[in-house]
Amino acid sequence: MIHDLLIDPFADYAFMRRALAGCLALALGATPIGVFLTQRRMSLTGDAMSHAILPGAAIGYLAAGLSLAWMTLGGLIAGLVVAVLSGLVARRTGGREDESLAAFYLLSLAAGVLIVSLRGSNVDLLHVLFGSVLALDDAALFLLSGIASVSMLTLAVIWRPLVLECVDPGFLRAVGRSSPMAHYGLLVLSVLNLVGGFHALGTLMSVGIMILPAAAARFIAPHALLPRILAAVAIAFLSGVVGLLLSYHLGLPSGPAIILAAGACYLAALLATPAGAGRRVRPDASSRTERTVS
């Protein structure tokens, strides 16, 4: 019975194995980015960027249909443009960056839905918004694996300034000029992983696999980033496995099933956390900077 429930779906069907490999790539690439976004209290930035890539992906869809290359390129350009414009507007006007980002992402979301609706069907719109992890082909898997590899290598290179930016940004600005590199590097990696996740889970679901496991891991490993990243990756991959199995056995949509599994992990971690322990999830920057970086 256990073998039939857990093993046979992946052993018997190639599309299930491809979906499982795609979930692993997303867990390794996108989830660590989500840990840094939650640490910097930028969780909603990931949601905004996931909507910002929609018009570029829609233009790529109009130009070449459901083309992996065109939709990836269009989404990447649109996401980077929104990220740069929101930063420039915030600096020029003196306002908050989250305000300008919210304005641009709302415009992008409306424009993207309008573009797809003008030329495509409701099925095409649902594919763009919610993806289809069970329809991943070899090209999409190579793309997801490449993005995960680039993300892990980049994080290894900018690890120290990125951790300092999360723990004590004032100290990082005082001792060097790597603060902009850490900030914009994180935004670029966010866009890159959201574009990759777009092909598997769609624009509305890709941010879920980035943020929900990271939020759950924040309760599991509140004091250090590396154990938190490892816990978040494990939760993301477990959510992918559980979501795919639920989709297979119960006939549920695969993307929402995966995100709901991740949400269940978050709720379980939240309920298992003792009352008042949320204070421990906010490390004191002055006392833990040296320990976290080391």
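Predicted model: local features only at pLDDT ≥ 70, side-chain atom pairs only at ≥ 80, totals over all residues.
Student: How many helices and how many strands does the chain have?

Tutor: Helices (H or I, at least four residues) and strands (E, at least two) are DSSP runs, numbered from the N terminus. On that basis the chain has 15 helices and zero strands.

Student: What percentage of the residues in the chain is buried?

Tutor: A residue is buried under 20% relative accessible area, exposed over 50% and partly exposed in between, using a 1.4 Å probe and protein chains only. In helix H4 (residues 54-64), the buried residues are Leu54, Pro55, Gly56, Ala57, Ala58, Gly60 and Tyr61. For the chain of 294 residues, the buried share is 50%.

Student: How are H1 and H2 oriented to each other?

Tutor: Axes are lines fitted to C-alpha atoms, for helices over the stretch in contact, and angles run from 0 to 180 degrees between N-to-C directions. The axes of helix H1 (residues 2-12) and H2 come within 5 Å and cross at roughly 105°. Angles under 35 degrees count as roughly parallel, over 145 as roughly antiparallel, 65 to 115 as roughly perpendicular and the rest as oblique. H1 and H2 are therefore roughly perpendicular.

Student: How are H2 and H8 oriented to each other?

Tutor: Helix H2 (residues 14-39) packs against helix H8 (residues 138-157) at an angle of about 30°, and their axes are 9 Å apart. The two helices are therefore roughly parallel.

Student: How do the residues of the contact of H2 with H8 divide by class?

Tutor: Contact means heavy atoms within 4.5 Å. Residues of H2 including Ala21, Gly22 and Pro32 meet residues of H8 including Leu141, Ser145 and Met152. Ala, Val, Leu, Ile, Met, Phe, Trp, Tyr, Cys and Pro count as nonpolar, Asp, Glu, Lys and Arg as charged, and the others, Gly among them, as polar. The contact has 12 nonpolar, four polar and two charged residues.

Student: How far apart in space are Leu225 and Pro32?

Tutor: Leu225 lies in helix H13 (residues 225-250) and is buried, at 5% relative accessible area. Leu225 and Pro32 are 193 residues apart in sequence, and their C-alpha to C-alpha distance is 9.5 Å.

Student: What is the geometry of the pair of Tyr13 and Phe15: stacked, edge-to-face or tilted?

Tutor: Rings of Phe, Tyr and Trp (its six-membered ring) pair if their centres lie within 6.5 Å; planes under 30 degrees apart count as stacked, over 60 as edge-to-face and the rest as tilted. The structure holds four aromatic pairs. In one of them, the ring centres of Tyr13 and Phe15 are 5.5 Å apart with planes at 45°, so the pair is tilted.

Student: How many residues apart are Phe219 and Tyr266?

Tutor: Phe219 and Tyr266 form a tilted aromatic pair, with 6.0 Å from centre to centre and 55° between the planes. Phe219 in helix H12 (residues 206-220) and Tyr266 in helix H14 (residues 254-272) link distant parts of the chain, and their separation is 47 residues.

Methods
Residues numbered from 1 in each chain as written. Heavy atoms only, no water.
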